[in-house]
Amino acid sequence: MKIDAHSLPDDPEQLKRMLLELQQHMDEKLAEKDAQIHELLQAYNAKLAKEYAKKSEKMPGAGEVFNEAEDILDEHDKALLATSASVKKEKAKPKRRPLPAQLPRIEVVVDLEEDDKMCDCCQSPLHKMGESSSEALEFVPAHIKVIKTIRPKYTCRHCEREGIESVVKTALMPATAIPKSIATPSLLSQIIMCKYQFGLPLYRQETLFADIGIELSRQTMSSWMLRCADLLSPLYQRLKDVLLSQPVIHGDETPLNVINADKATSYMWLYCCGDDKPGKGTNIVLFDYHNSRAGQCAVDFLDGYEGYMHVDGYKAYEQTNATLVACLAHMRRKFIEAKGNNKKTVKADVALNLIRKLYGIEQAIKDKSHDEKFKIRQRKAKPIVDELYQWLIKHKDKIPPKMALGEAITYAINQFEKFRRYLDDGRLSIDNNRAERAIKPFVIGRKNWLFSNTCNGAHASAILYSLVETAKANDLVVHDYISTCLQRLAEQPDNLEPLLPWNIKQS
């Protein structure tokens, strides 16, 4: 701003006031510039951390001492960070486990030549004093065999001689998963397992079969997958009924590229229950495909479900009748992004410290009953939750909302009412990591096969992924479970109860 010296007043007092106003204006501009620079630096550091830093969200163990606090931390923040040092656990030394006893064994004796069985000193014959042994695994490549089904035909000689119509009698063809197909349930299960458990696209499987002399086109295998999904659909619906009868479920969603779909981006929605530990509760994982991310997708699937549902901050779930429980892991992720790659202690560390204490409590009570969890949470976790909320409210207006820390605080406050519900029921979890773990195999597999061609194919994938992940969650061998389901559903399509994972395991 240019100032004309001839236009300035001659009064010294008036000049002083003008100078003070100018200085105040410049201070405000500098403060605004500093805030913008700080905001840009935070965004830059967060971007660097996201692209190049470690992706793990694990934090140091509860009770670790932080580095010296910066001036931006007030005395209350420093008090929240002041904790005693934790004792580090010693790493267990790796020890090779013995190979499974049920595996077949072939003994190979590596002995000395007869000429070497003489003493090098006195040339007397040596005697056997013992032996040493070691075991190694040998891989036998998979092989394919042809099952030739022969059905003898029978007719009546008497009817043939007397000129009466002769009836040919033949045994009924055994039920198969795909009638008039060369595929057995075992082969279909192998293809399903390779694609949906191990992320091996059909074009790669086509090459694998060609290497052992079998011509199976990806188009044929794709058609088989659609037929298998249709056959398994009643079992999927039965699992859905069981899922929606549970008091607590988890939900999540992830993008999916479907080429021949109305919209560019489709979504695979996930719903699950249990704690992902076989033998503890009912473990079900179900996928539901939609060419939309609208809340109506969740409304239609849940069909009036009114129990607890762990979700992230996506507002579409609020359209359902479920009682939503927010995820602490998502809150923590925001604060980790706000901290970025800053090595020093910053305000984000205060929130992370309190969050770590809450996770420490959960780790200590993970094997306790629901009632015990509720009581311990009320006694130990509730004061920390209240402290975290007060800290968020205190800093809400102090941190600019466009800064990464401001965004983390705003997100946490918006989700806090739903998050603290986990204190009210011992059956609830502190986060939605159950769904995060369940959807991860789909996300990893998507990096291999990249997209689905049609909506029908995406719906089929949802059913097949559901059966595979539910089998894994119940500690079943995926190939055996899918093969059994295909064969039994072909024979008795209405007999679903014996095929539920927990019933299969018991039988």
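Which residues does Asn432 touch, not counting residues up to four places away in sequence? Let's start there. Asn432 touches His250, Gly251, His310, Val311, Asp312 and Cys327. One caution before I go on. This is a predicted model.

Now, where does Asn432 sit? Asn432 is found in the loop between helix H11, residues 404–419, and helix H12, residues 433–449. Is Asn432 buried or exposed? Asn432 is buried, and its relative accessible area is 1%. The cut-off for buried is under 20%, so Asn432 counts as buried at 1%. One of its contacts comes with a distance. A polar atom of the Asn432 side chain lies 3.0 Å from the backbone oxygen of Gly251. Ala326 and Asn432 are 106 residues apart along the chain, yet their C-alpha atoms are separated by 7.5 Å.

Let me step back to the whole protein. We have 507 residues, and 36% of them count as buried. The protein has 15 helices and 9 strands. Take the contacts with a separation of 6 or more. Residues 24 or more positions apart account for 66% of those.

The crossing is right-handed. Who meets whom? From H12 we have Arg434, Ala438, Pro441, Phe442, Gly445 and Trp449. From H13 we have Tyr465, Glu469, Lys472 and Ala473. By class, that contact has 6 nonpolar, 1 polar and 3 charged residues.

H11 pairs with helix H10, residues 370–396. What is the angle at which the axes of H10 and H11 cross? Roughly 145°, and the axes come within 10 Å. This crossing is left-handed. H10 brings Val385, Leu388, Tyr389, Trp391, Leu392, Ile393, His395 and Lys396 to the contact. H11 brings Ile409, Ala412, Ile413, Phe416 and Phe419. The classes here are 11 nonpolar, 1 polar and 1 charged.

Two more residues, quickly. Asn291 is in the loop between strand S6, residues 284–290, and helix H7, residues 295–302. Asn291 is buried too, with a relative accessible area of 16%. Which residue's side chain joins that of Asn291 in a polar contact of 2.6 Å? The partner is Ser266. Neighbours within four places in sequence aside, Asn291 is in contact with Ala261, Asp262, Lys263, Thr265 and Ser266. So Ser266 turns up in that contact list and in the polar pair, because a polar contact is a pair of N or O atoms within 3.5 Å and a contact means heavy atoms within 4.5 Å.

Last one: Asp349. Asp349 lies in helix H9, residues 347–364. At 4% relative accessibility, Asp349 counts as buried. Its side chain makes a polar contact with the side chain of Lys339, at 2.9 Å.

To recap. H12 meets H13 in a right-handed crossing. H10 and H11 cross in a left-handed one. Asn291 has its polar contact with Ser266, and Asp349 has one with Lys339. That's my tour.

Conventions: Residues are numbered from 1 along each chain as its sequence is written. This is a predicted model: local features need pLDDT of at least 70, side-chain atom pairs count only at pLDDT 80 or more; totals for chains, interfaces and linings use all residues. Side-chain values use heavy atoms; hydrogens and water are left out. Helices (H or I, at least four residues) and strands (E, at least two) are DSSP runs, numbered from the N terminus. Buried means under 20% relative accessible area, exposed over 50%, partly exposed in between (1.4 Å probe, protein chains only). A polar contact is a pair of N or O atoms within 3.5 Å; within protein, one must be able to donate a hydrogen and the other to accept it, and residues adjacent in sequence count only if both atoms are side-chain atoms. A crossing is left-handed if the near helix is turned anticlockwise from the far one by less than a right angle, and right-handed if clockwise. Ala, Val, Leu, Ile, Met, Phe, Trp, Tyr, Cys and Pro count as nonpolar, Asp, Glu, Lys and Arg as charged, and the others, Gly among them, as polar. Axes are lines fitted to C-alpha atoms, for helices over the stretch in contact, and angles run from 0 to 180 degrees between N-to-C directions.
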